Amino acid sequence: MDQLRRRLGVPDAVVIGLGSMLGAGVFVVFAPAAATAGGAGLLAALAVAGFIAFCNATSSARLAARHPESGGTYVYGRERLGPFAGFLAGWGFVVGKTASCAAMALTIGAYLWPAQTRLVAVAAVLAVTVVNLRGIAKTAAATAVLVTLVLAVLALVVVTGLTAGGVQLDRLTAGGGSARGVLTAAGLLFFAFAGYARIATLGEEVRDPERTIPRAVPLALGVVLAIYLVLAVVAVGVLGADRLAASAAPLVDVVTAAGLPGLAWVVRAGAAIAVTGVLLSLLAGVGRTLLAMARRRDVPGALAAVHPVHQVPHRAELAVAAVVVLVVLLGDVRHAIGFSSCTVLVYYAITNAAALRLGPDPARRLPVRALAVAGLVGCLLLAANLPPGSVLAGVAVLALGATWYALRPRH
């Protein structure tokens, strides 16, 4: 069996995790979350989403250290819960994240050249695929550059909001939503956290995975949670819950409200860069999951090939890129946040269930089994409280995958 080469250390893995999370979510997801939860509810929802993400990250890190190969929860589910659980996780991840890739590409087009959104989106997919095909080291290096630029833009928004935006702290306690509204908002906000497990899906390319992955996953998640909390406080404090809920570009509106509309183009450019970083790491993660599924013949075995020079699953990545381009040209999946959140929450529910089969871990001070239970229950609770259309679409995709699993050719 062709194997991928281990090239990533802790800093590389953290950067890929940051690049996966600091993307479209932070630039757009605060608005729909505020619409369902209000100002105070938004902060509560962010805390809930962050806690459940931490539970999932702990389980992902433990499993990735025990099973250091490409595929993430597809592999963990197979090894710990059985082939069908693994397949369901892999299927949900590949389909949901392929739709997310198309949404990311269309977002890049909408920011950079609205009149030619689809053309720019296709160009973005092709450019990112070329970088990924050059090897995981190139992916990590490119992601590091993009993450640096995005952090600079987000820092600009925070500083502008705090110094010139007239932050009103009383807005942080106004407009609290219902408990269901907070859970719905947390499910939507989870979309902005869902990239940390990209480190685990690249497990076969990480050096010393038993040490690297358990350090990199929570570190990347903690940095992102801190950034999101600061941005949420600034956005709500400057705009208020109602204006934030109605905003199509919340962070752009923060600098505009601060009396500096000339900086809006910088924030828009930062959003395009951030989305490109997510697309870069997301395509890599989907390709690795498809590689793992192909190795076990859950999808066509031809996709299991690894390039002899660049050590990447080139056929899997080209297949994913082709499907993403097709969706970009024929559809409009910019409203896929809820659908993607539903399938990803099911994916992480399976992660936590698999982690419970690992047993206690005396080397860790954290109550890992309790965190796995909390993550499992939390994922299912958030998925059930998403908008009904998102839940129905997610269930339909998983049912379609289960049907394929039952009827697929067995070799």
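Contact here means heavy atoms within 4.5 Å. Keep that in mind, please. This is a predicted model.

Start with E317. This residue lies in helix α14, residues 314–330. Is E317 buried or exposed? Its relative accessible area is 3%, and the cut-off for buried is under 20%, so E317 counts as buried. What does E317 touch, once residues up to four places away in sequence are set aside? The partners are N132, L133, A284, G287 and R288.

Now the overall picture. The protein chain has 17 helices and zero strands. It runs to 411 residues, and 60% of them count as buried. Take contacts between residues at least 6 apart in sequence: 83% of these join residues at least 24 apart.

Next, the core. In general, nonpolar side chains tend to be buried together in soluble globular proteins. In this model, the largest nonpolar core holds 136 residues. Which members touch the most others? They are F27, F30, L189, Y228, L231 and L279. Helix α13, residues 264–295, gives the most to this core, with 17 residues.

Look at Y228 in detail. Leave aside its neighbours within four places in sequence. Y228 is then in contact with M21, L22, V26, F30, L46, A192 and F193. So much for single residues.

On to helix packing. Two packed helices are described by the angle between their axes and the distance between the axes. I have two pairs to show.

First pair: α3, residues 30–66, and α8, residues 179–189. Their axes come within 7 Å and cross at roughly 85°. An angle of 65 to 115 degrees counts as roughly perpendicular, so that is how α3 sits relative to α8. The residues of this contact divide into 15 nonpolar, four polar and no charged. Who meets whom? On the α3 side, the list includes F30, P32, L42, L46 and V48. On the α8 side, it includes G181, V182, L188 and L189. Note F30 and L189: both were named among the core members that touch the most others. F30 and L46 were also on the contact list of Y228.

Methods. Residues numbered from 1 in each chain as written. Predicted model: local features only at pLDDT ≥ 70, side-chain atom pairs only at ≥ 80, totals over all residues. Heavy atoms only, no water. Axes fitted to C-alpha atoms, helices over the stretch in contact; angles between N-to-C directions. Helix = DSSP H or I, 4+ residues; strand = E, 2+ residues; numbered from the N terminus. Parallel < 35°, antiparallel > 145°, perpendicular 65-115°, else oblique. Nonpolar A, V, L, I, M, F, W, Y, C, P; charged D, E, K, R; others polar. Core = buried A, V, L, I, M, F, W, Y, C linked by side-chain atoms within 4.5 Å. Buried < 20%, exposed > 50% of the residue type's maximum accessible area, 1.4 Å probe, protein only.
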